[in-house]
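Reader: I'm new to this one and would like to know how the labels get attached. Could you show me the structure and then take my questions?

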Amino acid sequence: MVGKKYNRIHLIVMDSVGIGEAPDAAAFGDTGSHTLGHIAKHMKTIQLPQLEKMGLANIESLTGLNPVDAPTAVYGKMQEASVGKDTMTGHWEIMGLNIDTPFKVYPDGFPEELISQLEEKTGRKVIGNKPASGTEILDELGEEHMKTGAIIVYTSADPVLQIAAHEEIVPLDELYRICEIARELTLQPEFLVGRVIARPFIGSPGNFERTTNRHDYALKPFERTVMNELKDANLDVIAIGKISDIYNGEGVTESIRTKSNEDGMDQLIHVLEKDFTGISFLNLVDFDALFGHRRDPQGYGEALEAFDARLHEVFAKLKEDDLLIITADHGNDPTFTGSDHTREYVPLLIFSPSIQNGYELPTRETFADIGATIADNFDVKSPAFGKSFLSELEEKKAN
């Protein structure tokens with residue numbers, strides 16, 4: 001394509017890996033939050049050699065990690081401009097949107113009016129209806145569900161309505177139909193949530209296990225994103241993990257589902273071996289779902305170490321005209337006593353074999369700078385929000 005600077009851009013979102021409270025953290029009840037900082041402090045000797053070389057500890061002081069004099073990546077941090085601290089808001093902003101009306105969250109469960117409509121239209125009673133961990137809610141209500149056939153409804157810090165059902169009690173096609181009904185109901189302005197998620201499981205009391213048949217029913221982004229522009233320009237947009245669900249398939253040319261962070265990295269390695277022009281976009285959800293929400297700093301730290309250990313494989317597959325961007329979508333400090341998701345800066349690490357020496361980028365005022373940079377690189381329409389940093393990378397290559 002005429003005018004492109006990098007042939008492929010690979011974007012990795014470490015779901016919830018914040019790097020210190022944002023200036024407006026107090027407005028969200030998140031003063032003192034620091035996902036990476038508190039995990040590193042808990043671990044004492046966290047081992048992240050690849051991220052350390054890239055300049056992670058140059059962004060913020062982190063226990064057990066050292067700033068480096070010659071970072072291998074361009075580094076910095078980004079502040080969220082949108083009004084929210086959830087997955088959809090963060091991701092939509094990354095691709096050029098500014099969400100000025102937050103999605104609804106339900107810390108006390110969903111309104112009785114919504115639950116009554118769901119029961120009436122599905123013919124099944126609802127149990128649960130509260131914020132909960134996806135595994136804990138099964139331990140608590142799985143047996144009752146199997147006895148009564150009532151569906152388990154729960155939520156989280158994200159604007160989501162999740163419906164769990166045993167695959168032998170509620171067949172998958174029925175569960176998916178129930179979720180489609182819930183999606184329609186929650187499009188009403190008074191109930192608006194970002195996603196409805198089908199959470200099928202199997203097993204017996206005390207030994208329940210969620211299956212890989214999860215399905216998300218998301219809102220379509222309110223406006224076109226950079227991904228739409230790329231797709232319309234016949235460029236590839238390869239969505240790995242829950243990316244396609246987050247954007248409701250908008251702007252996606254290929255969707256690859258994943259089972260875990262490790263599987264996500266496996267799939268990314270496979271994508272790096274493909275010949276394509278455009279972007280790959282990976283979300284690593286385990287940081288948030290398995291460790292942030294479950295308040296497990298040890299598990300979170302070990303997951304970060306496992307991710308770091310895979311990065312050398314990524315570097316080995318990158319070509320001279322590839323660009324790798326590693327960032328996050330919000331925070332979820334597992335040591336924090338307040339809300340689940342936390343309003344934090346997110347790290348920004350940018351690497352290419354063609355950039356010989358890393359340096360610090362000024363703090364970005366919006367996540368949308370990533371989308372603007374991608375649009376700039378491929379000469380497609382820039383988003384209304386965001387400022388490209390591509391010229392700064394090009395200057396560094398020239399030097």
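Author: Let's begin with helix H1 (residues 35-43), where Thr35, Leu36, Gly37, Ile39, Ala40 and Met43 are buried. Keep in mind that this is a predicted model, in which local features need pLDDT of at least 70 and side-chain atom pairs count only at pLDDT 80 or more, while totals for chains, interfaces and linings use all residues. Residues are numbered from 1 along each chain as its sequence is written, and side-chain values use heavy atoms, with hydrogens and water left out.

Reader: What makes a stretch a helix or a strand, and what covers the buried residues of H1?

Author: Helices (H or I, at least four residues) and strands (E, at least two) are DSSP runs, numbered from the N terminus. The cover over the buried residues of H1 includes helix H3 (56-59), helix H12 (297-317) and strand S13 (346-351). After H1 comes lysine 44, with a positive phi near 70 degrees.

Reader: Why is phenylalanine 287 called buried?

Author: Buried means under 20% relative accessible area, exposed over 50%, and partly exposed in between (1.4 Å probe, protein chains only). Phenylalanine 287 has 0% relative accessibility, so it counts as buried. You'll find phenylalanine 287 in helix H11 (residues 286-292). Contact means heavy atoms within 4.5 Å, and, leaving aside neighbours within four places in sequence, phenylalanine 287 has contacts that include Met14, Val17, Tyr300, Leu304 and Phe307.

Reader: Why does glutamate 80 count as buried, and where is it found?

Author: Glutamate 80 counts as buried because its relative accessibility is 4%. Glutamate 80 is in the loop between strand S2 (74-78) and H4. Not counting residues up to four places away in sequence, glutamate 80 touches Lys85, Thr89, Gly90, Glu93, Asp329, Arg343 and Phe367.

Reader: And what about glutamate 113: which label does its relative accessible area give?

Author: Glutamate 113 has 48%, so it is partly exposed. Glutamate 113 lies in helix H5 (residues 112-122). From glutamate 113 to phenylalanine 191 is 9.6 Å, C-alpha to C-alpha, though they are 78 residues apart in sequence.

Reader: What does the salt bridge between arginine 195 and aspartate 216 tie together?

Author: The closest N and O atoms of arginine 195 and aspartate 216 are 3.1 Å apart. Arginine 195 lies in strand S6 (residues 195-202) and aspartate 216 in strand S8 (residues 215-218), so the pair ties together parts that are 21 residues apart in sequence. Arginine 195 is buried because its relative accessibility is 2%, and aspartate 216 is buried because its value is 4%. Aspartate 216 also meets arginine 214 in a salt bridge, at 2.7 Å, N to O.

Reader: Where are the domain bounds, and how many residues of each domain are in contact?

Author: Domain bounds come from an automatic or database domain assignment. Domain 1 covers 8-99 + 222-393 and domain 2 covers 112-218. In the contact between them, 14 residues of domain 1 meet twelve residues of domain 2. The count of salt bridges between domain 1 and domain 2 is zero.

Conventions: A salt bridge is a side-chain nitrogen of Lys or Arg within 4 Å of a carboxyl oxygen of Asp or Glu.
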